[in-house]
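User: I have a model open on my screen and would like to understand the words used to describe it. Could you walk me through them?

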Amino acid sequence: KNIPEKNSLICAVIIFISTMTYTWATAMTSFPVVMAFKSCNIISILLVAICCTRVRDKKLNLGPKKIIVGIIISLGVLRSVSLILSRTIESDIANLSIILLVISLLADGFLPDFQAEIKSLYKPQPTEMMEHINKWVAIISLGSMVLSMTFVSAFTYLFYHPLFAFHLICLSFLSAFGQFIVYTMIKLFKQHIVPFIITIRKILTVLISIIIYHHRTSWIQLVGMGVVI
C-alpha cells in the first residue's frame, strides 16, 4: 500500500517487455535455444548491478564474491549458448529471435535493480509487491490485446478449446505460486540471489526438455550446462 504507482508501473513495463519478446522468440526458434539464451540474464544483471544500479543501500549491493560466481556462471552459459546457436541458427527469422532475446535479457537485467529499490525504500511485504506489479502487468497486457485486436480471437479460441483453457489456468496458478516464492526471496535476500536460482532452474528445464523431446545435443553442450550448475 506504500509503493508508489510509478515504481510498480516501471517494473510492470519491464516484465511485459521481457515476457513478450521471450514469447515471440519462443515461437521462432527451439525451446532449448531460448532457455539457454535466457540463462545469460546473469550477464545483464551483473552489468546493471556494477555499472548503473539505482540501489543506494550498500547492504543490497552485489559483493565481489557474487560477481566472481556470476562471471563463472556466465562463462558456462555463453559456452553452451554459442555451441547451441552454431548448430541451430540458419535463417533470418532466427536472427530476429536473437534480437528479441537480447531485448528480453536487457529487461531482465534492470528488473531486479528496480525491485531492490522498491524493497530498500518502501519495505513492502511479498504479497504487496506482487499485487502492485501484477495489477499493472494485467492492465498493460489487456491493453496490448485490445490495441493489437487479438482480444476477441484469444477468448474465442479459449472457448472452443477447453483443454487449452485448462492448461492456461494451471499455468497461471503455478506462475502465481512461483511469483510468491520469488517475491519472498526478494524480501529475505539480496535481489541478485533470485536470478542466480532461476538460472539453475532454467538449465534444469533445458535438460528435462532434451530428455523428453529428444533434442539433438553434443557432449560439449552438456559439459557447458554442467559448468553453469
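User: What makes Phe 159 and Tyr 160 exposed or buried?

Analyst: Both Phe 159 and Tyr 160 are exposed. Relative accessible area decides this: under 20% is buried, over 50% is exposed, and partly exposed lies in between, with a 1.4 Å probe and protein chains only. Keep in mind that this is a predicted model, where local features need pLDDT of at least 70, side-chain atom pairs count only at pLDDT 80 or more, and totals for chains, interfaces and linings use all residues. Residues are numbered from 1 along each chain as its sequence is written, and side-chain values use heavy atoms, leaving out hydrogens and water.

User: How is Phe 155 classed, and why?

Analyst: Phe 155 has 42% relative accessibility, so it counts as partly exposed. Phe 151, at 35%, is partly exposed too. Both lie in helix H7 (residues 151–160), 4 residues apart, which is about one turn of the helix. Helices here are DSSP runs of H or I with at least four residues, numbered from the N terminus.

User: Why is the ring pair of Phe 159 and Tyr 160 given its name?

Analyst: Their ring centres are 5.2 Å apart and their planes stand at 85 degrees, so the pair is edge-to-face. Rings pair if their centres lie within 6.5 Å; planes under 30 degrees apart are stacked, over 60 edge-to-face, and the rest tilted. The structure holds 3 aromatic pairs. In one of them, the rings of Phe 151 and Phe 155 have centres 4.8 Å apart and planes at 45 degrees, so that pair is tilted.

User: What makes Ile 210 buried or exposed?

Analyst: Ile 210 has a relative accessible area of 11%, so it is buried. Ile 210 sits in helix H9, and its C-alpha atom is 9.4 Å from that of Phe 31, 179 residues apart along the chain.

User: How do you know how H3 and H9 are oriented to each other?

Analyst: Helix H3 (residues 41–51) and helix H9 (residues 193–213) pack at an angle of about 165 degrees, with axes 10 Å apart. Angles under 35 degrees count as roughly parallel, over 145 as roughly antiparallel, 65 to 115 as roughly perpendicular, and the rest as oblique. H3 and H9 are therefore roughly antiparallel.

User: And why are H6 and H8 described as they are?

Analyst: The axes of helix H6 (residues 126–147) and helix H8 (residues 162–188) cross at roughly 125 degrees and come within 8 Å. H6 and H8 are therefore oblique to each other.

Key: Axes fitted to C-alpha atoms, helices over the stretch in contact; angles between N-to-C directions. Helix = DSSP H or I, 4+ residues; strand = E, 2+ residues; numbered from the N terminus. Phe/Tyr/Trp six-rings, centres within 6.5 Å; stacked < 30°, edge-to-face > 60°.
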